[in-house]
Amino acid sequence: MHQSKNHTADLVVIGAGPGGYTAAFLGADLGMDVTLIDPNPNPGGVCLYKGCIPSKTLLNAARLVHEADDAADMGITFSKPKIDIDRLRAWKDGVVEKLTDGLGRLVSQRKITYIRGNAAFTGNCSLQVVSQEGGSQELAFKHAIIATGSRPTELSGLGKDSRFMLDSSSALDLRDIPQQLLIVGGGYIGLELGTVYATLGSKVTVAEFTNGLLPGADRDLVRVLSKRLDSLFDTIALNTRAEDFKVQEDGVEVTLKGPEDVESHKLFNKVLIAVGRQPNSERLGLETAGIDIGSQGFIKVDSQCRTNLVNVFAIGDVAGEPMLAHKASHEGRVAVEVIAGKNAAFEPATIPAVVFTDPELAWTGLTEKQAREKRLDFQVSRFSWAASGRAVAIGRTDGMTKLIIDTNTQRILGVGIVGTNAGEMITESVLAIEMGANVTDLKLCIHPHPTLTETVQEAAEMFFGTATHMYRSKRKK
Ligand code: FAD
């Protein structure tokens, strides 16, 4: 949609991912005249088109396959699943379309001007939008929010034969199922996509440069997940660097340099690079507008999501870690409230993180490692799901709930959960931390039976040595 040359929008939002569209929608709800700009046909950004939603749709298919497999233990056997990759891809694309179309309708209902194209600042109150077809238009604004997100980090010096190399976006296209798949990077994106491909039939090798998967999470939680991944994946190579990518006729020969520089060479039909993401802060004309960029390309913002320009804000992945959709959308709301003159700030007590593997791994607040690094006086209380009635009933005792508790105040500093549905369970702990709850609050809060959420209550009871379903020898005073 084109606007008249003299039009000045109250708010222009650049990028329509979860950060940008949330901001645009709230701006419109608060009565602002809003323009939202993005190259995609509808809002959604990486999260809906190439991230959270397609990956979780495929992971749900993987879950079904595993559950059918696990049912053999209950005496229910299904024949080996036949996977029609075209229909699976169409199902995933349908989910994305349903959600992005829905967002498109919300744009119209809110009377937001949606412009398809790439925007770049031409001054501190103006920008230019270039469409895919090469046409361009100038826009004037009172306030702007930059929400241009991030893209996969590339490995330098890597052969870029697109027949064999994947990033998270192309991996989610699900063009084929490689027999041998190498995933470079043992972070959450690599492990989630590895779970999908291994379930669909690939032999998956994960090469992780550091000495553990999911470096941000506590090791005891990761151990529970690793146990299942060890049987799902062909190889998990830690302390291992993938290098020397030599393109062959039917794949890429890769050198894996392990501990003490021991090398192995292997041919992989596809290589997925999942070594992180970097902010989309280039080609935005930030220098022209005079907007400061900080370290690693993130746009510098204050606690109100404001850049060094009083009328320009930045939110989501482009404004810093953690690069998560719920952080982006929350920042989007803060930025718009500030623009609307409210006294708002982005100061969450905690931002939860979830890895949607099987089992899931979720944490919020401080990890045990962070508490130790901060030299806090804390205690850890763990409850194994082997003692949870619900976990036994559903045949998923591979789980653990742990609380990090301040020794002096008994406040909850952090919670980590590994187990099926951990991602759904973690929100209670987010609320507990936000509300400044202590371990007694979690103990006294009646959790419905039989649910996995009871493990949070029992972990709290463990702290006092009184968990009903697990004996703990008396605490020393
Ligand atoms: P984005 O979603 O990146 O959107 C930015 C938009 O800006 C894009 O549409 C882009 O095209 C547009 N844009 C860029 N430059 C311009 C320009 N110059 N002009 C106009 N438009 C522009 N997060 C979670 O919280 N949970 C998950 O389960 C999860 N899973 C993920 C799985 C994968 C495989 C990946 C890759 C990411 C996942 N993420 C997940 C991360 C999540 O997708 C991002 O944190 C989130 O999308 C960031 O939102 P955003 O609004 O900052 O930007």
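Biologist: How many salt bridges does the count come to?
Modeller: The count comes to 23 salt bridges, a salt bridge being a side-chain nitrogen of Lys or Arg within 4 Å of a carboxyl oxygen of Asp or Glu. This is a predicted model, in which local features need pLDDT of at least 70, side-chain atom pairs count only at pLDDT 80 or more, and totals for chains, interfaces and linings use all residues. Residues are numbered from 1 along each chain as its sequence is written, and side-chain values use heavy atoms, with hydrogens and water left out.

Biologist: Which residue does Arg-382 meet in a salt bridge?
Modeller: Arg-382 meets Asp-220, at 2.7 Å from N to O. The two lie 162 residues apart, Arg-382 in strand S20 (residues 378–384) and Asp-220 in helix H7 (residues 219–232). Helices (H or I, at least four residues) and strands (E, at least two) are DSSP runs, numbered from the N terminus.

Biologist: Is Asp-220 buried or exposed?
Modeller: Asp-220 is buried, at 10% relative accessibility, whereas Arg-382 is partly exposed at 33%. Buried means under 20% relative accessible area, exposed over 50%, and partly exposed in between (1.4 Å probe, protein chains only).

Biologist: Which residues are linked with these two in a network of salt bridges?
Modeller: The network links Asp-220 and Arg-382 with Asp-218, Glu-368, Arg-372 and Lys-402.

Biologist: Turning to Arg-228, what does it form a salt bridge with?
Modeller: Its partner is Asp-358, with the closest N and O atoms 3.2 Å apart. Arg-228 is in helix H7, and Asp-358 is in the loop between strand S18 (353–355) and strand S19 (360–365), 130 residues apart.
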